[in-house]
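Subject: Structure handover

Hello,

Here is the structure for you to look over. My notes follow below it.

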Amino acid sequence: MKMRLSPLNFVSAALVVTLIYPLLDQKQSKVQPGWLSLVLVIVLCSVADLLFRTFLRDLKRIWIVEVIFIIFAAIVLLVLGKASLLQ
């Protein structure tokens with residue numbers, strides 16, 4: 001089985017680095033407050049990637065759908081973040 005990279009693979013890798021980097025830092029020995037949410041987002045990215053790969057066989061379509069998914073998720077997070085700041 002050949003490895004096919006997708007945008008959600010890159011997002012998951014970046015989130016894993018974001019999660020592990022503070023643990024390796026000697027100055028900062030505490031775990032960050034948002035570590036559980038990062039773990040949940042990593043799991044969500046992995047499950048979404050598996051679902052997209054199951055339903056879409058063409059790599060070009062996988063890239064298109066996953067980029068749209070990432071943009072939509074980022075917009076939703078920005079809107080929710082702005083809404084929580086307004087309260």
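Read along the sequence, the pattern is α-α-α. The protein has 3 helices and 0 strands. Helices (H or I, at least four residues) and strands (E, at least two) are DSSP runs, numbered from the N terminus.

This is a predicted model: local features need pLDDT of at least 70, side-chain atom pairs count only at pLDDT 80 or more, and totals for chains, interfaces and linings use all residues. Residues are numbered from 1 along each chain as its sequence is written, and side-chain values use heavy atoms, with hydrogens and water left out.

Overall figures:
- Of the 87 residues, 18% count as buried. Buried means under 20% relative accessible area, exposed over 50%, partly exposed in between (1.4 Å probe, protein chains only).
- Among contacts between residues at least 6 apart in sequence, 66% join residues at least 24 apart. Contact means heavy atoms within 4.5 Å.

Helix 1
Helix 1 has 18 residues. From first C-alpha to last it reaches 26 Å, close to the 26 Å expected at 1.5 Å a residue. The expected span is 1.5 Å times one less than the number of residues. P7, L8, S12, L15 and P22 are its buried residues.

Helix 2
Helix 2 covers residues 35-55, 21 residues in total. Its end C-alpha atoms are 30 Å apart, which agrees with the 30 Å it should span at 1.5 Å a residue. Which of its residues are buried? They are L38, I42, C45, A48, D49, F52 and R53. These cover an arc of only 135° around the axis, so they sit on the same side of helix 2. The arc is that of the directions from the helix axis to the C-beta atoms. The face turned away from this buried side carries the exposed residues L40, L50 and F55. As background, an α-helix has 3.6 residues a turn, so residues three or four places apart point the same way.

D49 is buried, with a relative accessible area of 7%. A polar contact of 3.5 Å joins its side chain to that of N9. A polar contact is a pair of N or O atoms within 3.5 Å; within protein, one must be able to donate a hydrogen and the other to accept it, and residues adjacent in sequence count only if both atoms are side-chain atoms. Neighbours within four places in sequence aside, D49 is in contact with S6, L8, N9 and E66.

R53 is buried, at 15% relative accessible area. Its side chain reaches the backbone oxygen of R4 at 2.4 Å. With neighbours within four places again left aside, R53 is in contact with R4, L5, S6, N9 and I62.

Largest pocket
The largest pocket has a volume of about 240 Å³. L8, V11, L15, V41, L44, C45, F69, I70, A73, A74 and L77 line it. Helix 1 (7-24), helix 2 and helix 3 (59-86) each give two or more residues to the lining. Helix 3 gives the largest share, 5 residues. On a 1 Å grid over the protein atoms alone, a pocket is an open set of points where a 1.4 Å probe fits, with protein on both sides within 12 Å along at least five of seven lines; lining residues have an atom within 4 Å of a point. Grid points are joined across faces, edges and corners, and a volume is the space filled by probe spheres set on the points.

Best wishes
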